[in-house]
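Trainee: I would like to learn how to read a model like this one, feature by feature. Could you take me through it with care?

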Amino acid sequence: MPPVAASAGGAGGQSTFDKMKMGGMMGGSVGLIIGFIFGATNIIRFGPGPNGMMRTLGQYMLGSAATFGFFMSIGTTIRTESSPIMTAAFAQAQANHGSPVIMKKQWQQRMKQAREE
């Protein structure tokens with residue numbers, strides 16, 4: 001799945017639901033692959049059982065995809081959610097000081113300008 005453009009989803013970029021869907025899709029894809037690997041390994045080692053090879057492999061793949069997708073969607077949502085307080089503090093720092101990250105040389109230049117004023 002190609003990444004969504006930054007301008008999609010309105011003025012602020014992607015919505016939280018869009019991010020959750022993307023995390024679920026990524027987790028589901030990884031889960032399918034992991035389920036195939038572990039399912040095929042267990043079928044080779046222990047046999048397919050009474051359900052047959054394809055049904056057993058499908059159960060491994062779908063169970064793994066659902067689990068990975070669920071937790072990845074939650075993790076992606078939590079990781080990308082920002083606190084309104086932190087967003088306001090970041091905007092205030094950026095308005096007051098320009099870039100909120102100040103390197104040593106930039107700090108020295110700003111201190112020199114402050115002394116001159």
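Trainee: How many helices and how many strands are there in the protein?

Mentor: Helices (H or I, at least four residues) and strands (E, at least two) are DSSP runs, numbered from the N terminus. By that rule the protein has 4 helices and 0 strands, and along the sequence they give the pattern α-α-α-α. Keep in mind that this is a predicted model, in which local features need pLDDT of at least 70 and side-chain atom pairs count only at pLDDT 80 or more, while totals for chains, interfaces and linings use all residues. Residues are numbered from 1 along each chain as its sequence is written, and side-chain values use heavy atoms, with hydrogens and water left out.

Trainee: Which element has the lowest mean pLDDT, and which the highest?

Mentor: The general idea is that pLDDT is the predictor's confidence in each residue, from 0 to 100. Where pLDDT is low, the predicted coordinates should not be read in detail. Here the mean over the protein is 83, and 82% of the residues reach 70 or more. Among the elements, helix α3 (residues 84–97) has the lowest mean, 76, whereas α1 has the highest, 94.

Trainee: Which residues does UniProt list as "transmembrane region"?

Mentor: UniProt positions are given in the numbering used here, feature names are shortened, and annotations may be inferred rather than shown by experiment. The record, an unreviewed entry, lists residues 24–45 and 57–78. In the model, residues 24–45 are 100% helix and 0% strand, with the end C-alpha atoms 31 Å apart. Residues 57–78 are likewise 100% helix and 0% strand, and there the end C-alpha atoms are 32 Å apart.

Trainee: What share of the residues counts as buried?

Mentor: Buried means under 20% relative accessible area, exposed over 50%, and partly exposed in between (1.4 Å probe, protein chains only). Of the 117 residues of the protein, 15% count as buried. The areas come from the Shrake-Rupley method with a 1.4 Å probe, and for residues only the protein chains shown count as cover. The accessible surface of the protein comes to about 9,100 Å², and 67% of that belongs to carbon and sulfur atoms.

Trainee: Is G35 buried or exposed, and which residues is G35 in contact with?

Mentor: G35 sits in helix α1 and counts as buried because its relative accessible area is 3%. Contact means heavy atoms within 4.5 Å, and, leaving aside neighbours within four places in sequence, G35 is in contact with A40, L57, Y60, M61 and S64. The C-alpha atoms of G35 and L62 are separated by 7.2 Å, although these residues are 27 apart along the chain. For the protein, 59% of the contacts between residues at least 6 apart in sequence join residues at least 24 apart.

Trainee: Is T77 buried or exposed?

Mentor: T77, which lies in helix α2 (residues 53–80), is buried, since its relative accessible area is 12%. Apart from neighbours within four places in sequence, T77 is in contact with T16 and M20.

Trainee: Which residues make the nonpolar surface patch?

Mentor: Patches are made of residues with over 30% relative accessible area and no salt bridge, with like charges joined within 9 Å and nonpolar side chains (Val, Leu, Ile, Met, Phe, Trp, Tyr) within 5 Å. Here L32, I33, F36, I37, F38 and L62 make a patch of about 610 Å², and its largest share, 5 residues, comes from helix α1 (residues 16–46). One of these residues, L32, counts as partly exposed because its relative accessibility is 34%. Beyond neighbours within four places in sequence, L32 is in contact with M61 and A65, and its C-alpha lies 8.4 Å from that of Y60, 28 residues away in sequence.

Trainee: How many salt bridges does a search of the whole structure find?

Mentor: A salt bridge is a side-chain nitrogen of Lys or Arg within 4 Å of a carboxyl oxygen of Asp or Glu. The search finds 1, and the side chains of K21 and D18 meet in a salt bridge at 3.6 Å, N to O. Both residues lie in helix α1, 3 residues apart, about one turn of the helix. K21 counts as partly exposed because its relative accessibility is 43%, and D18 is also partly exposed, at 27%.
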